[in-house]
Amino acid sequence: MAIKVALAEEEVNVEPGGSAQVMAIIHNAGDRADHVALEVEGLDTEWCAIPIPSFTLEPGDEARERILIRPPRSSESRAGTYPFLVRARSLENGEAGVVQASLSIQPYNLLTLEIDPKHGTTSFWNKQTVYDVTVSNLGNTELNLQMFASDLEEACSFEFETERLKLAPGEAKTIWLQAKPNQVPVLSSPRVFGFTVSTRAVENPYLTASTQGQLERRALISPVAIWVAALFLVASLVWMFTRPHPVEIEEFKAEPAQITAGEKTNLQWKVDNADSIYIDPGGLRLDPQKARAIDVQPTTSTEYTLTAENRFGRLEKKVMVTVSNAPAPTIEAFTAEPANVKRGDAVLLRWKVNNATEVYVVPPGGKVDPAQSGMEHLPTRDTTYELIVKNQAGQTVSKKVSVTVFEPSMAQIIAFTADAAKITRGETVKLTWDVRNASKVEISGIGVVDSVSGEQIVQPAQTINYRLTATDANGRTSTATVSVRVDPPPTPSDSLESNETPPTQPGAMPNRPTEPPGG
């Protein structure tokens, strides 16, 4: 064999996390130069490092190369002896020299202990609490452990799920720990006890780990709870008498809810605990202590909103008022009788209207009852009367009528008569008159006659109205009228049926002689 290898030391000791150096001696016993590769077998490749893994050796030459061994400080680097090989292999012909050695990894120990939760609580009804205790072996040797728990005041009792644990390197186990106070009083303030949980290796009493926990003991009744309850009772009583009263709207309605245009409706409400109330639309702000209702007159269908508020809040409620269109007002008739009147005489005004809620007569300018159909008025001069009619929606219509007022005449007609109101054609009738303070008297169909008194025989041919007009010195007139009915004469057959003329009754007037009609 041309390549030979030897080690300066065949036993190597190393502590996890530390390093060891192995010197390899390689000799070329051949007769020619060779290229050699140095290898380590049997150890984790991550533990070993060869600074110069390959090199060239001349015939008869010898080389010394370092091999570095560094096992990590973890539980994976378990304590013990690990045999390994160092091989020097020719890269020219594949021949190799091999040497065996051993690696001893020294033991190391590392324990951790954790408790969860750190703080536990017991009460009068729940007298114990449970913790989770986790023990971890972070060393590279197997450990047998003993568990302990205690508090300085010896006021608590502890019980482990198991008091002995066996942990392989890198292994962790969790066990439960029950803790309870030795005494749980009925009345006491809460108290916290600190305790220590520890573990110790059976084989190595100096290998230990510990952690701290707390146990809170709560009595059935705490003085603080009594004070809190008393304060709560006082606060409840104070709140009961001074608690805020939210605003309440018991009722908000419209009476009636349906109206005709021009009518009014009454908004009514019942509100409690309100400092102020508003009604929209309209922006009405009302005193809730005084106002309980208000009249409104919407022109169209309107939704009214009542808003009640105090310092603790506000509340709204709505009501709908439906408005239907009102029929238009009309004037069927408006008259004044007579149309010409003497000063001092009354005029009778008459009218007929429909769909009216308000009626006015101007003059005199007063409002009259819509059910009224007439009134008297004494005009002092020529007057135009206007009738104004309004319906529920405020629509108006008007009509006018005029009256002429004249001054009374000084001429007085004492009498103007006819001695017969009915005659037969061909007969005559006597008109008689008596007039005072007249400068001229005139009779229609006759002409001017005596201005004081007189009579006139007339023979009208048909029914006629005689009108006497008396004019005073100022030209103002007074009139009087008398009517005479003229019947046709009887026919011959009527004379035969009567056989003979009945005798004249005592005191009867004989037929007047026919006279030519005057004027």
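## Talking through the model

Tutor: One detail to start with: Glu-332 is partly exposed, with 46% relative accessible area. Keep in mind that this is a predicted model.

Student: Which residue does the side chain of Glu-332 meet in a salt bridge?

Tutor: Lys-352. The two side chains are 3.5 Å apart, N to O. Lys-352 is in strand E29 (residues 347-354) and Glu-332 is in strand E27 (residues 330-337), so the pair ties together parts that are 20 residues apart in sequence.

Student: And is Lys-352 buried or exposed, or something in between?

Tutor: Lys-352 is partly exposed, at 48% relative accessibility.

Student: Why would side chains like that pair up?

Tutor: Side chains of opposite charge can pair when their charged atoms come close.

Student: How many salt bridges does the structure hold?

Tutor: There are 15 salt bridges in the structure. One of them joins the side chains of Arg-89 and Glu-39, at 2.9 Å from N to O. Arg-89 belongs to strand E8 (residues 80-90) and Glu-39 to strand E4 (residues 34-41), so this pair ties together parts that are 50 residues apart in sequence.

Student: How accessible are Arg-89 and Glu-39?

Tutor: Arg-89 has a relative accessible area of 29%, which makes it partly exposed. Glu-39 is also partly exposed, at 24%.

Student: What does Arg-436 pair with?

Tutor: Asp-434; their side chains form a salt bridge at 2.3 Å, N to O. Arg-436 is partly exposed, with 38% relative accessible area.

Student: Which residues are linked in a network of salt bridges?

Tutor: Glu-251, Lys-253 and Glu-255 are linked that way. Glu-255 is also worth a look for its backbone: a cis peptide bond joins Glu-255 to Pro-256, with omega about -5°.

Student: Where is Pro-256?

Tutor: In the loop between strand E19 (248-255) and strand E20 (258-260).

Student: What about the peptide bond from Asp-280 to Pro-281, cis or trans?

Tutor: That peptide bond is cis, with omega near -5°. Pro-281 sits in the loop between strand E22 (276-280) and strand E23 (284-286).

Student: OK, zooming out. How many helices and strands are there in the protein?

Tutor: Two helices and 42 strands. The radius of gyration is 71 Å, well over the 24 Å that the globule rule gives for 519 residues, so the protein is more spread out than a compact globule.

Student: What box do the C-alpha atoms fill?

Tutor: Roughly 210 × 80 × 55 Å, taken along the principal axes.

Student: What share of the residues count as buried?

Tutor: 33% of the 519 residues. The protein exposes about 30500 Å², and carbon and sulfur atoms supply 50% of that area.

Student: And the contacts?

Tutor: Take the contacts with a separation of 6 or more: residues 24 or more positions apart account for 62% of them.

Student: How far apart are the mean positions of the positive and negative charges?

Tutor: 10 Å. That compares 48 positive charges with 64 negative charges.

Student: Back to single residues. Is Thr-307 buried or exposed?

Tutor: Thr-307 is buried, with a relative accessible area of 4%. Thr-307 lies in strand E25 (residues 302-310).

Student: What does Thr-307 touch?

Tutor: Leaving out residues up to four places away in sequence, Thr-307 touches Ser-276, Ile-277, Tyr-278, Arg-314, Leu-315 and Glu-316.

Student: Last topic: backbone angles. What is the phi of Glu-154?

Tutor: Glu-154 has a positive phi, about 50°, although it is not a glycine. Glu-154 lies in the loop between strand E13 (143-151) and strand E14 (156-160). Its relative accessible area is 65%, and Glu-154 counts as exposed.

Student: And what about the phi of Asn-355?

Tutor: The phi of Asn-355 is positive too, about 60°, and Asn-355 is not a glycine. Asn-355 is in the loop between E29 and strand E30 (358-362). At 39% relative accessibility, Asn-355 is partly exposed.

Technical notes:
Residues numbered from 1 in each chain as written. Predicted model: local features only at pLDDT ≥ 70, side-chain atom pairs only at ≥ 80, totals over all residues. Heavy atoms only, no water. Salt bridge = Lys/Arg side-chain N within 4 Å of Asp/Glu carboxyl O. Helix = DSSP H or I, 4+ residues; strand = E, 2+ residues; numbered from the N terminus. Buried < 20%, exposed > 50% of the residue type's maximum accessible area, 1.4 Å probe, protein only. Rg over C-alpha atoms; globule rule 2.2 N^0.38 Å. Contact = heavy atoms within 4.5 Å. Areas by Shrake-Rupley, 256 points an atom, 1.4 Å probe, with all protein chains shown as cover. Lys, Arg positive; Asp, Glu negative; His and termini not counted. Charge placed at Lys NZ, Arg CZ, Asp CG, Glu CD.
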